[in-house]
2 protein chains.
Amino acid sequence: MNLTIQKPYLLFIGDVTEGESAKMADGIARWTPENVVGKLSLEGGKVNLDLPELSLKEAVELGAKTLVIGVVNSGGFIPEHWTKTFLQALEAGLDIASGMHKKLEDLPDVAETAQKYGRKLWNVRHPNYYPPIGTGEKRTGKRLLTVGTDCSVGKMFTALAINKALKNKGIKSDFRATGQTGILIEGSGVPIDAVIADFISGGAEMVAPENEPDHWDIIEGQGSLFHPSFAGVTIGLIHGSQPDALVLCHKPTRKWMRGVSEGSYQLPDLQVCMDLNLEVARRTNPNAKFVGLSINTSEMETTEAKNYLKDLEEKYGLPTVDPLQDGVEKIVNKLV
Amino acid sequence: MNLTIQKPYLLFIGDVTEGESAKMADGIARWTPENVVGKLSLEGGKVNLDLPELSLKEAVELGAKTLVIGVVNSGGFIPEHWTKTFLQALEAGLDIASGMHKKLEDLPDVAETAQKYGRKLWNVRHPNYYPPIGTGEKRTGKRLLTVGTDCSVGKMFTALAINKALKNKGIKSDFRATGQTGILIEGSGVPIDAVIADFISGGAEMVAPENEPDHWDIIEGQGSLFHPSFAGVTIGLIHGSQPDALVLCHKPTRKWMRGVSEGSYQLPDLQVCMDLNLEVARRTNPNAKFVGLSINTSEMETTEAKNYLKDLEEKYGLPTVDPLQDGVEKIVNKLV
């Protein structure tokens, strides 16, 4: 999927209040700050991002080319009351990029206004092709996949950090995006949760194709095998990735799975989670193994976090880091 | 998904030669013979179905209303050289129904000719809605799901047989179709391998909704957790079905997984397969358990088959049948 979305972006936050719903905006701002002029919130929107709040006019004056919908919601729908801002953005001179399931063209006013002003509408979650059916055939090159106990526990962040650390060491590697934020950051990828169910593993094979024997694909994981809504995406991604290396991502302060009723599904035990991921991964790559744990300790106190990581490292015998605090050097050293 | 496909059908076999590729035609002919006038093959087509070979003209004279593409292929594409027959069928007075991924409307000649003659084109594999995201929430009613060691091992057949046996006993039950053949047989269902990846478990929740506490949904399984192409469909279907009861389907004379290179993926061991299916199923229904094994012994000799079934029954302590030979009474008795 080749994108030619015009940069820089103005990140649209809507009226979202929870930090994790804005992970798309956060990811883009963190990994490619040079591509972002600021953010635009609606009344009630409160998201803690270190970005200036801009009007459409200010953003255009600062050179913004595209309004990027920087928030996600379960189901990927576009609330109706956002439309007014989209129409104003198109009129002000911006294209719009969306990572929602709902297509921008399916909002009649938006489609019409975009056409009137000659603006582009991007739906990065909609592949404009069928991936092939997964073949399960072995490909050369090395692959690492991040997996998780839940959604939104740092799988994209960890993959981006590992890719960066490998490149810094002069090792051939590429970040392989499988979600809307990753695709906007990287400029390419396969929106794996948006392909037809029969083609999930084929999409994963497509995003991380055959490569040189010493080249690493660092593949952004999705969902969790334990998530009652999204496990299909996860297992297909694991099978198609044929990972040599797995990194488990987890947020210890989260008790209940995200996106389903609070209190209905606990996060799995780490050992149980690793066992199931390994069993699945070894179906297409018998040599798959875990090479590290990536823990989001953002809601823990420093000492508590340090002790927790140390305990995990001893318990599982794997390099254990909070990538935001410690970087991912330890994991990368284990990898190479 | 409410269908109003006109019956009876003429089953189109194309130039397929392998019996299992015609499982759609076979399933319709076997379960609803009253809806079928005959079959139409192309040159080279050789499929052992107990149906008269008819020309389009003969079929129309016998009252046929719809040409049903009765074969499946990996990927669900429509070979170009079939188009000519489709055009003749439309001209002769037939609608066309397809279970392929490729839409009939995407064949320009077919779309144009259908419009010219006012015929209908049905794509039963294409839901014309988004299912909701799976919630994982407990629903009343009882559910049985057939699972398998591979594709095409009898999951639909077994579910249809169990539903029929339950109804014969006066027990409230419905067959819940999740594939194109099942949908054509039942007249409703959700084409679960054709929904967007994020909505697989939501589709499964939709196909087997809340029901009376003593009502059984007998849900047609898809794929296999061990299939490198299709496991995503399978796990989402298991999670969304929340099965109280599982039946394992298997074909012992099949050594290699279907749809991938011969010799690359062996069928899993039955115990390993049941363990993984149970682990996954218990995520959304902690009371899930296996209630039987359904074995396709069609390529075994009678004595060999009988001994094999007996051995399995002893080994796993579960009612074990070849549904085509023995019926499914034994399993249904365990269920009620």
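Trainee: Which strand is A:Ile96 found in?
Mentor: Keep in mind that this is a predicted model. A:Ile96 belongs to strand β4 of chain A, residues 95–98.

Trainee: Why does A:Ile96 count as buried?
Mentor: Buried takes 20 or more other C-beta atoms within 10 Å. A:Ile96 has 26 C-beta neighbours inside 10 Å, so the label holds.

Trainee: What is A:Ile96 in contact with, leaving aside its neighbours within four places in sequence?
Mentor: The contacts are A:Thr66, A:Leu67, A:Phe86, A:Ala89, A:Leu90, A:Leu104 and A:Leu121. As for A:Ile69, it sits 27 residues from A:Ile96 in sequence, with 7.6 Å from C-alpha to C-alpha.

Trainee: On to the chains. How many residues of chain B are in contact with chain A?
Mentor: 36 residues of chain B, and they touch 36 residues of chain A. On the chain B side, the elements giving two or more residues are α7 (200–207), α8 (231–241) and α9 (270–284). α8(B) gives the largest share, six residues. By class, that side has 16 nonpolar, 15 polar and five charged residues.

Trainee: What makes you say the copies meet through the same surface?
Mentor: 100% of the interface residues of chain B are interface residues in chain A too, so the surface is the same.

Trainee: And what rotation superposes chain B on chain A?
Mentor: One of 180°, with 0.0 Å of shift along its axis and an RMSD of 0.1 Å. The two copies are therefore related as by a two-fold rotation axis.

Terms used. Residues are numbered from 1 along each chain as its sequence is written. Chains are lettered from A and ligands numbered from 1 in the order in which they are written. This is a predicted model: local features need pLDDT of at least 70, side-chain atom pairs count only at pLDDT 80 or more; totals for chains, interfaces and linings use all residues. Helices (H or I, at least four residues) and strands (E, at least two) are DSSP runs, numbered from the N terminus. A residue is buried if 20 or more other C-beta atoms lie within 10 Å of its own, exposed if 12 or fewer, and partly exposed in between; C-beta atoms are placed from the backbone. Two residues are in contact if their C-beta atoms, placed from the backbone, lie within 7 Å. Ala, Val, Leu, Ile, Met, Phe, Trp, Tyr, Cys and Pro count as nonpolar, Asp, Glu, Lys and Arg as charged, and the others, Gly among them, as polar. Copies are superposed by least squares on the C-alpha atoms of residues with pLDDT of at least 70 in both.
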